[in-house]
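Here is a friendly walk through one model, from its rings to its cores and its sheet. Have the viewer open as you read.

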Amino acid sequence: MPVPPIRRLHERGVKVIQVYGSTETAPVVVYQTGDDAERRIGSAGRAGLHSEMRLVDEAGNEVPPGERGEILIRGPQVMREYWGDPNGTAAALRDGWFHSGDVGHLDGDGWLYVDERKKDVIISGGENIYPAELEAVLAECDAIAENAVVARRDGKWGETPVAAVVLRRDGELDRDAVLALFEGRIARYKHPRDVVFMPALPRNAMGKVQKFRLREIVAESGDG
């Protein structure tokens, strides 16, 4: 499995920490120290003294450690409203909590791991499929330079996952070989139903994959 970039920096003696927050939370609400970062690679940390954090399911129930849920934040620094947008404010601020739209999970010690955006979760046949889990499998393949997994509309299942793959220059994989990477790794209902090979993933100026654009490309490449 590839060495995470942050771990490589730590090995070179560069102290790097991860934090979590947003403009609405002004901004950092979860953080770690330099020592924490070396012990908890991949974690964003724990809630600061000025903030409260909880993770909930679709029904608003708090999820146990290890299970994914939407990240909710409460604290005196959280925004009061979106200017001129009462509907957006009502959707984001409920029962005193800011609903981030981000999905994460906690480990047994209460450390937060941010997984993905809630809107990117694929709902197939009533089951939630988290793209990050599939993307991690693809990232382990040496022939794949970059990848992303998004939903494609499906008449039977509602949505199905599709893998968008960019091969390395010397990479030689076909559709069946990519799909075979998931055998024995994750539950079969989570497996991508199709693979779209691309020269590059669509990214914004910050280098972040534009999944909304990728969903359009994947939709156009399929049968609908």
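Zero aromatic pairs occur in the structure, where a pair would need ring centres of Phe, Tyr or Trp (its six-membered ring) within 6.5 Å, with planes under 30 degrees apart called stacked, over 60 edge-to-face and the rest tilted. Bear in mind that this is a predicted model, where local features need pLDDT of at least 70 and side-chain atom pairs count only at pLDDT 80 or more, while totals for chains, interfaces and linings use all residues. Residues are numbered from 1 along each chain as its sequence is written, and side-chain values use heavy atoms, with hydrogens and water left out.

Rings do meet charges, though, as the table shows. A charge sits over a ring if NZ of Lys or CZ of Arg is within 6 Å of the ring centre and within 35 degrees of the ring normal.

| Charged residue | Ring | Distance to ring centre |
|---|---|---|
| R54 | W97 | 5.3 Å |
| R68 | Y130 | 4.5 Å |

Now for the cores. The largest nonpolar core holds 17 residues, and L134, L138, V149, V165 and F182 have the most contacts inside it. Such a core is a set of buried Ala, Val, Leu, Ile, Met, Phe, Trp, Tyr and Cys residues joined through side-chain atoms within 4.5 Å, buried being under 20% relative accessible area with a 1.4 Å probe, protein chains only. At least two of its residues come from each of helix 4 (131-139), strand 11 (144-154), strand 12 (158-167) and helix 5 (175-180); helices (H or I, at least four residues) and strands (E, at least two) are DSSP runs numbered from the N terminus. Apart from this core lies another, of 15 residues, including A44, V63, I73 and F98.

What does L138 touch, leaving aside its neighbours within four places in sequence? The contacts (heavy atoms within 4.5 Å) are I144, N147, V149, A163, V178, L181 and F182.

Three strands form an open, mixed sheet in the order 11-12-13, where pairing takes at least two DSSP bridges between two strands. Strand 11 and strand 13 (194-197) are at the edges with a single partner strand each, so one side of each has no neighbour in the sheet. Strand 11 and strand 12 run antiparallel, joined by 10 bridges, and a hairpin links them through three residues. Helix 4 packs on the sheet, touching strand 11 and strand 12, and its direction makes about 145 degrees with that of strand 11; axes are lines fitted to C-alpha atoms, for helices over the stretch in contact, with angles from 0 to 180 degrees between N-to-C directions.

Methods
Buried < 20%, exposed > 50% of the residue type's maximum accessible area, 1.4 Å probe, protein only.
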